[in-house]
Amino acid sequence: MKALKASIRVAIAALALSLSLSAPSYAGEDEAGTLTMQMKELYRAGKYTEALPLAQKALALREKEFGSDDANVAMPLNDLGTIHYNLGQYPVAELLYKRSLAIREKTLGPDHAEVAAVLNNLGELYRAEAHYADAEPLLKRSIAISEKTGSPDDPSIVLALCNLAAVYSNQGRYDQAEPLFKRGLAILQKANGPDDPEATVLMSNLADAYIHRHRYADAERLLKRAMAVTEKAYGPDHPDVAQALNNLAALYARQGRNADAERLFKRSVATMEKTLGPDHPDIADVLENLADLYKDQGRYADAQQAIKRSIAIRGKAGSGPI
């Protein structure tokens with residue numbers, strides 16, 4: 001069972017995008033700034049398709065005003081890359097992140113906090129594509145910069161900590177992943193309190209580490225807590241809620257609670273379809289989990305139908321204009 005396969009993505013990207021709120025040129029004093037603030041509100045609501053044209057226009061205005069390689073262009077490049085990432089358009093996101101990184105390294109130096117933020121985003125993108133050898137050094141460099149420029153308990157370090165932990169988890173290196181997830185969770189809860197929705201990502205992935213150690217009761221407690229916090233923060237139709245449903249369903253599937261697992265997988269798919277559209281890669285992840293559940297029950301026709309749809313979605317992923 002592909003338990004918690006994509007659970008790290010959405011909230012991490014949300015944290016990375018919110019860093020740009022501190023940029024002086026984004027104070028909403030001109031058209032690009034106003035567009036950016038509107039885009040962020042849509043983004044936080046999980047409305048990535050609606051946020052996309054606003055981010056595109058904000059970038060175009062900044063490039064027209066400052067030129068394509070100016071420091072003021074790095075942040076809108078990063079923001080646009082993050083939206084494409086959340087839409088599953090990874091090749092486009094990679095190009096945008098690389099452009100943003102090159103500008104920041106040139107204008108701010110190699111050890112600036114904003115360089116660390118883009119390194120995290122690019123590293124997470126490679127993790128999502130299973131390019132772990134590319135992801136690991138970028139995320140380690142991001143952590144090193146954050147530790148050098150801030151305190152060990154600065155929430156900004158959590159992004160790269162849990163993405164690096166996810167790299168280890170995806171490779172079955174749970175002994176290395178667990179302490180990183182625990183460190184990140186402790187930092188966020190200390191900084192923002194126990195109901196911080198960003199902390200639910202770490203809860204879910206720490207639960208995954210517990211699952212692989214057969215600590216199912218500990219995992220269920222964390223996953224239910226993550227779902228409750230997410231629904232309270234965002235409402236029932238947010239992409240993060242859909243991922244939380246997938247995660248809890250995957251645990252139930254491992255435990256043989258087939259009816260509960262099927263119900264939650266189907267609800268996860270329906271929520272993702274509503275919020276992300278019918279062809280998002282995260283839907284393929286859940287469909288593959290659902291297919292595994294059907295196979296375990298000998299329901300091979302149902303499994304084949306889920307797999308066919310997953311393959312069709314994967315065939316459409318990765319495209320989209322800048």
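Guide: A helix here is a DSSP run of H or I, at least four residues long, numbered from the N terminus. The model is predicted, with local features needing pLDDT of at least 70 and side-chain atom pairs counting only at pLDDT 80 or more, while totals for chains, interfaces and linings use all residues. Residues are numbered from 1 along each chain as its sequence is written, and side-chain values use heavy atoms, leaving out hydrogens and water.

Visitor: Is Ala74 buried or exposed?

Guide: Look for Ala74 in H4, residues 71–86. Its relative accessibility is 1%, and the cut-offs are under 20% for buried, over 50% for exposed and partly exposed in between, with a 1.4 Å probe and protein chains only. So Ala74 counts as buried.

Visitor: Which residues does Ala74 touch, leaving aside those up to four places away in sequence?

Guide: Contact means heavy atoms within 4.5 Å. H5 covers residues 90–108, and its residues meeting H4 include Ser100, Ile103 and Arg104. Ala74 itself touches Ser100, Ile103 and Arg104.

Visitor: How does H4 run relative to H5?

Guide: Their axes, lines fitted to C-alpha atoms over the stretch in contact, lie 8 Å apart. The angle, on a 0 to 180 degrees scale between N-to-C directions, is about 155 degrees. Under 35 degrees is roughly parallel, 65 to 115 roughly perpendicular, over 145 roughly antiparallel and the rest oblique, so H4 and H5 are roughly antiparallel.

Visitor: And how does H9 run relative to H10?

Guide: H9 (residues 174–192) and H10 (residues 199–211) have axes that come within 9 Å and cross at roughly 155 degrees. That makes H9 and H10 roughly antiparallel.

Methods
Helix = DSSP H or I, 4+ residues; strand = E, 2+ residues; numbered from the N terminus.
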